[in-house]
Amino acid sequence: MDAETLTMIFFIGGIVLMIIETLIPGGVSFFLGVSGLFVGALRWFGILEDPATSIITWLFTSVALILAMRPILMKYWGGESSYKLANEDVEAMDQVVDVVETVNPDDNSGRIRFQGISWQARTLEGEIQAGTKAKIRYRDNVTWIVEPVDEFE
């Protein structure tokens, strides 16, 4: 492969990588493209002549740009992100659920249906018969602690 062909590959590859950035955003392909243009320019001006040196320069320049510049650009032009602290236990409290298998305070053999899934359940006192409703109070490991629903609620 002659020197001009490799130089054109770096130029064209750099431009293609920068265009790919518009299709797959994230900043990485943009910096790979900028590195390709940089190495292409160095080869054009005769600073880099050896193909192996050109590829190594492209690799190191790419890594340096990604590590140094991507966090800065993502800070100012990054995508939208939101954070929500989710506590499913708090959201589940006071939810009325169906009792699938009789729930008692002695063991975790009772089952309730919560969010479409059958869960282990027990009460603190008394028994709740299958086919009735219960209210979730809290969770103890993977077992929901429930109480009977008042008829007035």
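Modeller: The expected span of a helix is 1.5 Å times one less than its number of residues, where helices (H or I, at least four residues) and strands (E, at least two) are DSSP runs numbered from the N terminus. This is a predicted model, in which local features need pLDDT of at least 70 and side-chain atom pairs count only at pLDDT 80 or more, whereas totals for chains, interfaces and linings use all residues. Residues are numbered from 1 along each chain as its sequence is written, and side-chain values use heavy atoms, with hydrogens and water left out.

Colleague: How far apart are the end C-alpha atoms of helix 2?

Modeller: Helix 2 covers residues 28-44, and its 17 residues, at 1.5 Å a residue, should span 24 Å. The separation of its end C-alpha atoms agrees with that expectation, being 24 Å.

Colleague: Which elements do the buried residues of helix 1 pack against?

Modeller: Buried here means under 20% relative accessible area, exposed means over 50%, and partly exposed lies in between (1.4 Å probe, protein chains only); by that rule Leu6, Thr7, Phe10, Gly14 and Glu21 of helix 1 are buried. They cover an arc of only 110° around the axis (taken from the directions from the helix axis to the C-beta atoms), which puts them on the same side of helix 1. On the other side, Glu4, Thr22 and Leu23 are exposed. The buried residues pack, with contact meaning heavy atoms within 4.5 Å, against helix 2 and helix 3.

Colleague: What kind of pair do the rings of Phe11 and Trp44 form?

Modeller: The structure holds four aromatic pairs, a pair being rings of Phe, Tyr and Trp (its six-membered ring) whose centres lie within 6.5 Å, with planes under 30 degrees apart counted as stacked, over 60 as edge-to-face and the rest as tilted. Phe11 in helix 1 and Trp44 in helix 2 are 33 residues apart, and their pair links distant parts of the chain. Phe11 is partly exposed at 22% relative accessible area, while Trp44 is exposed at 57%. Their ring centres are 6.3 Å apart and their planes stand at 70°, so the pair is edge-to-face.

Colleague: And how far apart are the ring centres of Phe30 and Phe31?

Modeller: Phe30 counts as partly exposed at 30% relative accessibility, whereas Phe31 is buried at 5%. The planes of the two rings stand at 70°, so this pair is edge-to-face, and the centres are separated by 5.5 Å.

Colleague: At what relative accessibility does Val146 count as buried?

Modeller: Val146 lies in strand 5 and, leaving out residues up to four places away in sequence, touches residues including Val103, Ile112, Ala121, Ile128, Ala134 and Ile136. Val103 in turn is in contact with Gly110, Thr123 and Glu127, among others beyond four places in sequence. The value at which Val146 counts as buried is 2%.

Colleague: Which residue has a side chain joined to that of Thr143 by a polar contact?

Modeller: Thr143 is in strand 5 and is buried, with a relative accessible area of 3%. A polar contact is a pair of N or O atoms within 3.5 Å, where within protein one must be able to donate a hydrogen and the other to accept it, and residues adjacent in sequence count only if both atoms are side-chain atoms. At 3.1 Å, such a contact joins the side chain of Thr143 to that of Gln120.

Colleague: Is Val142 buried or exposed?

Modeller: Val142 is found in the loop between strand 4 and strand 5. Not counting residues up to four places away in sequence, Val142 touches Trp119 and Gln120. With a relative accessible area of 54%, Val142 is exposed.
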